Amino acid sequence: MTTVPKVFSVKTTPKEILEKWYRLMTLGRAIDEKAPNYLKQAIGWSYHAPYAGHDGIQLAIGQTFEKEIDHIFLYYRDMLTALSCGMTAEEIILNGISKATDPTSGGRHMSNHFAKPDWHIHNVSSLTGNHTLHAVGVARAIKYYDEKAVAFSVQGESSLSEGYVYEAINGASKEKLPVIFCIQDNGYGISVPKKDQTANRKVANNFTGFKNLKIIHCNGKDVFDSMNAMYEAKRHALETGMPVMVQANCIRIHSHSNSDRHELYRSEAERNYVLDYDPLFKYKRMLIRYERFTVEELEKIENETKIQLKEAHKLALKAPDPDPNTYLDFVLPEPYQPQKYIDGTHQETGEKKKLITGLNETLKAEFRNNPDTFMWGQDMANKDKGGIFNVSKGLQQEFGPQRVFNAPIAEDFIVGTANGMSRYDEKIRIVIEGAEFADYFWPAMEQYVDSSHDYWRSNGQFTPNVTIRLASGGYIGGGLYHSQNIEGSLASIPGVRIVYPSFADDAAGLLRTAIRSRGMTMFMEPKALYNDPKAATVIPDDFEVPFGKARIRREGEDLVMITYGNTTHMCLEAAERLSKEGASVEVIDLRSLIPLDKETILNSVKRIGKVMVVHEDKVHSGFGAEITSMIMEEAFEYLDGPVKRIGSTFTPVGFHRSFERMILPNTEKIYNAAKDVLAY
Amino acid sequence: MSKTGIFYSFNSTKTAKAAEKIKEAFGPDFNIVPVNAEELTEELFLSFTNLILGVPTWFDGELPNYWDEFVPALEGLNLNGKTIAIFGLGNQVEYPENFGDAVGIMAELVQEIGAKLVGYTSAEGYEYESSKALVDSKFVGLILDQETQPRQSKERIANWVNDLKSQFSW
């Protein structure tokens, strides 16, 4: 068991420090008790998770945090932690009542989520424990840049039931990162008691087998025990660079939140039992008992706090409400704008390169261009092996294992730590292989979706600068787990760009633009084309392709095929065959799905009148459904017939080649459908 | 004659009841003075030679707040010449990881400042996973489990009190 030195005690701690703590605790509790009134008066704060009973540890976490140096991720019960970190009562209320000047999000995020990104108090999700991976990611940057700082991940004990929290702790242990996991254990996850979460009441002890992880238990209700635990945790993390887990035993004096009624599942005896151990009253009793303060002195502080809160309340009420007309702001940041290849085309001649070569050389060029570029993923950086398809071959040798490295087989960890690391500095650019194949990306959806919110949710204060590469699609006989397309499922999530090149030059140019841009980009790689000569092109060394700019790969007058990825080549083949039969077919390679080049699509549709939308992903709810609907809505009167969609069937992709042929689109299917459309 | 006190929270229910049973077990020939642990002072504590401390385990292995708040005072005392026995209530089924921990925490505290600890008991007959009260295969006091073994408390108290009668100086 870890022994924690007694640095702080009621008898020896300087009086001014004891006073500061009492002021913070009294102020915090006053706001905690006042918060429900805002809802009753219909002013706001419709979500409030009271912290009463967590007072000791929340005070201690905040007192240990050094603003603008350390990084901290609070959870939705961390009101006193936020105050103890230095946030003001007014800032707390601004968040509570969702004002435009709320430092967390300008009213975009839920109440009771306290953040101040300028100070490294990060804006976090409501998803419990989601930020654990972000703390590990930012600690990776702290270590890489050799900063004397720590990352705090603050959360309730129930969050340890989440698999991604395990992934985070495993990562911090493996990489030896200065993260302090602060676990506030009040015995309940909403109404679910600890015994329904895990077999071990001391939940931190589930992690005793993790190497490099120091575990400290403390009484989160007691100021001095909590201060000593957090002081020791930070000392250890700073001196050794290793992770620490502090489990603080707390009590939840009230219900989980204002939408919960704990009297429905907690006995009166239990509710009284926790009241007996109110941490604030205990601290006050001790200050008096050990003659550090008189009753009168403490009452004076309490009265001053009441005035302080009243002033903060008045100021917050006067603050402006958010302007709802800004709702379209901060979905995605402005991307990098190509300087030389404005529309993403070129006339370069010379030797053709394969798509995989284009990706590999672009990655190397961008890593040379920006020393703050990093890449990790599964099975992608071990000696001569540079990924299962060799996209990353040679990168680790050239740029070293600190910048290019294998991640654990944990997709959510890969994405979540990318989000976290990019929080360290705006200049950082991260490329990840989200999974070995797109089919395996689903465990990362938790982080993908949450990262898609960051820019909007933080009111433009933070965006993860991350390019997610995924080897995608079929035609390799890979079956259900190596042949699927997932872009149709992802396209309904705002906040991430999705690109899907078909040719080597576009792959290189889009990758360069993605890496240089702020924000998240999902970069789909048609793996069947990596080494296919038909996707090989000449690639200018500095080629760039803007987002949202389609490329007309073949011009025509009788029919337009709108496509991307593998099926671009099939459409071109079908178009060539049809041309021999006298039909002139245009082929638009979208390259970007989000943002979508509506202008190029509509121009062709209006000029030609007959339209096919072709992709490899399922027709059912595939991205083609969006394109088709957009055409119906914006160019219906120009159509000479229904828009025909071609894609895969509403089934998984089978392993046997005969299943693939049946399920996936091919040149023949496109050709036959084109004949039908041309007949209108 | 030495002065013997039994210290426990007068606001408690089960601990207070156990304290009364312990006092009864000593019988009328022994003067055991009840002391409210919620109103402790250093002077009051030091005014006894033999001290029986009622220390139930709270939450996941903590001292009750009234004892915890007395710890800074306790740490400044010299208990040389004092003989201390500790009893406490725990629940070995619901809280097997910290069964009777508070008894162990208090035992360590008072020994560090010079007290002679008596009233060790056998750990047999209990089923739990871990306890700070277990030292060298024995409990450093009497642990009563009124939740899951209430019928054994009477005998455990009787045996413990008999031992204390011989360990305390009267």
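Which strand of chain B do 5 bridges join to strand E1 (residues 4-8) of chain B, and do the two run parallel or antiparallel? The partner is strand E2 (residues 32-36) of chain B, and the two strands run parallel. Before I continue, some conventions are in order.

This is a predicted model, in which local features need pLDDT of at least 70, side-chain atom pairs count only at pLDDT 80 or more, and totals for chains, interfaces and linings use all residues. Residues are numbered from 1 along each chain as its sequence is written, while chains are lettered from A and ligands numbered from 1 in the order in which they are written. Helices (H or I, at least four residues) and strands (E, at least two) are DSSP runs, numbered from the N terminus. Two strands pair if DSSP finds at least two bridges between them.

On confidence, the predictor gives the complex an ipTM of 0.94 and a pTM of 0.96. For chain B the mean pLDDT, the predictor's confidence in each residue from 0 to 100, is 96, and 99% of its residues reach 70 or more.

Let me begin with chain B. Its secondary structure comes to 5 helices and 9 strands, and from the N terminus the order of elements is β-α-β-α-β-α-β-α-β-β-β-β-β-α. The radius of gyration of chain B is 14 Å, close to the 15 Å that the globule rule gives for 170 residues, so chain B is as compact as a globular protein of that length. That radius is taken over C-alpha atoms, and the rule is 2.2 Å times the number of residues to the power 0.38. Along the principal axes, the C-alpha trace of chain B spans about 40 × 35 × 30 Å.

I call a residue buried if 20 or more other C-beta atoms lie within 10 Å of its own, exposed if 12 or fewer, and partly exposed in between, with C-beta atoms placed from the backbone. By that criterion, 45% of the 170 residues of chain B are buried. Two residues are in contact if their C-beta atoms, placed from the backbone, lie within 7 Å. Among contacts in chain B between residues at least 6 apart in sequence, 78% join residues at least 24 apart.

Returning to the opening pair, Tyr8(B) has Asn36(B) as its bridge partner in E2(B). Together with helix H1 (residues 14-26) of chain B, E1(B) and E2(B) make a right-handed β-α-β unit.

I turn to chain A, which has 21 helices and 20 strands. The radius of gyration of chain A is 29 Å, close to the 26 Å of the globule rule for 680 residues, so this chain too is as compact as a globular protein of its length. The C-alpha trace of chain A spans about 100 × 55 × 45 Å along its principal axes, and 56% of its 680 residues are buried.

One strand of chain A deserves attention. In strand E19 (residues 611-618) of chain A, 8 of the 8 residues are buried, so E19(A) is largely enclosed by the rest of the structure. Strand E16 (residues 559-563) of chain A pairs with E19(A) in the parallel sense over 4 bridges, with Met561(A) partnered by Met612(A). E19(A) also pairs with strand E20 (residues 644-648) of chain A, again parallel and over 4 bridges, and Val613(A) stands opposite Arg645(A). E19(A), helix H19 (residues 623-635) of chain A and E20(A) make a right-handed β-α-β unit.

Next, the backbone exceptions. Most residues other than glycine have a negative phi, and most peptide bonds are trans. The peptide bond from Ile594(A) to Pro595(A) is cis, with omega near 0°. Asn112(A) has a positive phi near 65° and is buried, with 27 other C-beta atoms within 10 Å. Phe330(A), with a positive phi of about 70°, is buried as well, with 21 such atoms within 10 Å.

Finally, the two chains together. 9 residues of chain B are in contact with 16 residues of chain A. The side of chain B that touches chain A has 3 nonpolar, 1 polar and 5 charged residues. Here Ala, Val, Leu, Ile, Met, Phe, Trp, Tyr, Cys and Pro count as nonpolar, Asp, Glu, Lys and Arg as charged, and the others, Gly among them, as polar. In helix H3 (residues 65-75) of chain B, the buried residues include Tyr66(B) and Trp67(B); what covers the buried residues of H3(B) includes helix H8 (268-276) and helix H9 (279-289) of chain A, together with helix H4 (101-112) of chain B.

Conventions:
Right-handed = clockwise from strand over helix to strand, strands pointing away.
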